[in-house]
Amino acid sequence: MINTKVTAKIEELLRRGRQMVTDHNRDALRVLDEAHELAYQHQDMRQVAFILLAKANYFSLVMNDCAKATELVNEAKELACADDTSLNAHINAGYGVINHILGNTALAQKHYQNAIQLLECTDDRSEYDNERLPTLYYNNFILFSYSVELPPDVNDLDKAMILYQKQGNARGVVNCLIAMANHYYHQHKDTDKAIETIKTAYEKAKMSGNASLIGMACNYAALLLSSINKFEECLKYLNEAIECIKQLDNPYLTGSVYHSTGIAYSRLGNFEKAIEHLNEAMRIYAENDINSELEKLFELFADAYQHLGKFKDAFEYERKARLKLAERTQEEKIKALAKERSQFESVLKTRETELLRQKNKEIEQYVIRLENSNNELKQFAHVASHDLKEPLRMIYSYLTLLRKSLGNQLSEQQEEFINFAVDGARRMERLIDDLLRLAKVDANPKIEKVALAKVIEEIKLNLDTRITERNARIEYKHLPVIMADRAQILQLMQNLISNGIKYNESVQPVVKVLCKYHRENFEIQVIDNGIGIPLHQRHRLFQIFQRLHTDANKYEGTGIGLAICKKVVDGLGGTITVKDSDDGGTAFSIVIPNSKLTI
């Protein structure tokens, strides 16, 4: 029998905990733990699931620990029934928030939209369902608020605003107005409309009488005004924000206001004042373990000290920023590797049990899981490769600071040493970019009809500058239409044709692309009159990083181009080989099954 008093107490604790998470109050976890223990003791597993989701929000939004948040959402999912529309909606919302924070935009959007659809289709929505629905619309808008390529859907923000107004949710209304002001500023470059809207947000906050809300509105208004050099008005709002936060016990907002004030003074050019407020923000963040925001201060300090000519301090904060980034990156990599290992072990265990019981069904499921795991590994490799660029950024930053601090004191030899370091960093960046290209070759290919003649014409446009400089000629005839991924075919052919021009000392480089048809396959030949490839080097031709010509000044490259070619051809079920051409250069032969030809 359900104890209504216990149920009421659990609901009250959960309500308080959720509100404390919204206010970034670190005591929220203590309240939610109490609710969790009580719900578990009375075996109210549905409420346990909702409490787990509230805890997940705490770890993602307050502690910035998305790994822990994901673990909690996964636990909630294990407790959910398939027909519990409300709970499944909030589980999707939890995954949406985590992916939003991690920057996985497409996945975040998918989960937000799933949650919205589930709640919109629910006739008997709970009070919490109604509270969360406008937030989901708002989050779905915010997800793309700074995107130029894919701007947000303003309809989402309009729906959120209408629902918040119906609920009398002042915080939600102010958040929507702030988002709309940012939209006008970033997407439409309409400064006047942005300022008008942010001031409306401020007025709504003042009407609410909520010091936290007023402080937040002032904070955003000040940041917008400082970005358009209206410093006097900006500082007025910041001073009011500081007065508001004195009434609160909200370290997150307090630190944020001093943080914004530091940014505003930096933009004003008053770097001494900027450092004073940034120091206060740092003290508040450090005392309250708000590490995610603390890290953002280091580069601001470095920039301010650099402008003041205090290069030693600038170096120190730049070093701290890099160390924090490296530390966080390492933690993320370890967590990702642990997750991959756990998933792999789970797949193996599932395979063993399913093969004994139902072999055909298990194989089908295993293939799906393996594809998903492979995609996740590719994504992890992609992220890891991107992380490699951060040390290069550090090199550029330090060299820039070094040049500025030494000025005209640099000798000719020292300037040459710096140039060598910069050149090395650039070559490393090209290598990383090529690695990313290699990782993407077989990622989600889009199979369609590809006319090779049209691909060659596009390559001629892409290489127009090189063709003109070398007086090169590209010839082709009798090329087929095949079923393949167009981007991959473009990569394949452009690599081979570009090499035919690059590794070529003829007065006029010539590259010919021909096709021969056989009973079971067809053969694409790419023939040039270049310098050729010695027979003893051909065994390592398609291996990654194997540069046959080591003089980087004469022949640029990273040794990945032909590895990409082989990977593309392998994906087509074909083979690629090389021999001498009749003109003394190189002849690449790509043999592909006739099944890839269009009828």
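This passage walks through a predicted model of one protein chain, from its overall make-up to a few single residues.

Let's start with the big picture. The protein chain contains 23 helices and seven strands. It has 599 residues, and 43% of them count as buried. Among contacts with a separation of 6 or more, 62% are between residues 24 or more positions apart.

Next comes the inside. The largest nonpolar core has 75 residues, and the members that touch the most others are Val174, Leu297 and Phe301. Helix 11 (residues 211-227) supplies the largest share of this core, with nine residues. There is also a second, separate core of 40 residues, which includes Ile459, Ala472, Ile497 and Leu572. Back in the largest core, what does Phe301 actually touch? Leaving out residues up to four places away in sequence, Phe301 is in contact with Ile275, Leu278, Asn279, Met282 and Tyr317.

The spacing makes sense in general terms: an α-helix has 3.6 residues a turn, so residues three or four places apart point the same way.

Helix 6 (residues 105-120) can be read in a similar way. Its 16 residues should span 22 Å at 1.5 Å a residue, and its end C-alpha atoms are 22 Å apart, which agrees. Which residues of helix 6 are buried? They are Ala108, His111, Tyr112, Ala115, Ile116 and Leu119. Seen down the axis of helix 6, the buried residues sit within an arc of 135°, so they line one face. On the face turned away from that buried side are the exposed residues Ala106 and Gln117. The buried residues of helix 6 pack against helix 5 and helix 7 (127-142).

Helix 9 (residues 170-186) is next. With 17 residues at 1.5 Å each, helix 9 should span 24 Å, and the distance between its end C-alpha atoms agrees at 24 Å. Its buried residues include Gly172, Val173, Val174, Cys176, Leu177 and Ile178. Ala179, Met180, Ala181, Asn182 and His183 of helix 9 are buried too. Val174 has already come up, as one of the residues touching the most other members of the largest core. The buried residues of helix 9 pack against helix 7, helix 8 (154-167), helix 10 (191-208) and helix 11.

On to the strands. Six of the eight residues of strand 7 (residues 586-593) are buried, so this strand is largely enclosed by the rest of the structure. Strand 5 (residues 521-528) runs antiparallel to strand 7, and seven bridges join the two. In this pairing, Asn521 stands opposite Pro593. Strand 6 (residues 575-580) is also antiparallel to strand 7, through six bridges, and here Asp580 faces Thr586. Strand 6 and strand 7 make a hairpin with five residues between them, and Gly584 in the turn has a positive phi of about 90°.

Finally, a few loop residues deserve a look. Asn504 lies in the loop between helix 22 (486-502) and strand 4 (510-517). Is Asn504 buried or exposed? Its relative accessible area is 2%, and under 20% counts as buried, so Asn504 is buried. Residues up to four places away in sequence aside, Asn504 touches Arg470, Pro509, Val510, Asn529, Gly530 and Ile531. Its C-alpha atom is 8.2 Å from that of Gly532, which is 28 residues away along the chain.

Most residues other than glycine have a negative phi. Gln43, however, has a positive phi of about 55° without being a glycine. Gln43 is in the loop between helix 2 (28-41) and helix 3, and is exposed, with a relative accessible area of 54%. His478 also has a positive phi, near 55°, and is not a glycine either. His478 is in the loop between strand 2 (473-476) and strand 3 (481-485), and counts as exposed at 61% relative accessibility.

Key: Residues numbered from 1 in each chain as written. Predicted model: local features only at pLDDT ≥ 70, side-chain atom pairs only at ≥ 80, totals over all residues. Heavy atoms only, no water. Helix = DSSP H or I, 4+ residues; strand = E, 2+ residues; numbered from the N terminus. Buried < 20%, exposed > 50% of the residue type's maximum accessible area, 1.4 Å probe, protein only. Contact = heavy atoms within 4.5 Å. Core = buried A, V, L, I, M, F, W, Y, C linked by side-chain atoms within 4.5 Å. Pairing = 2+ DSSP bridges. Expected span 1.5 Å × (residues − 1). Arc of directions from axis to C-beta.
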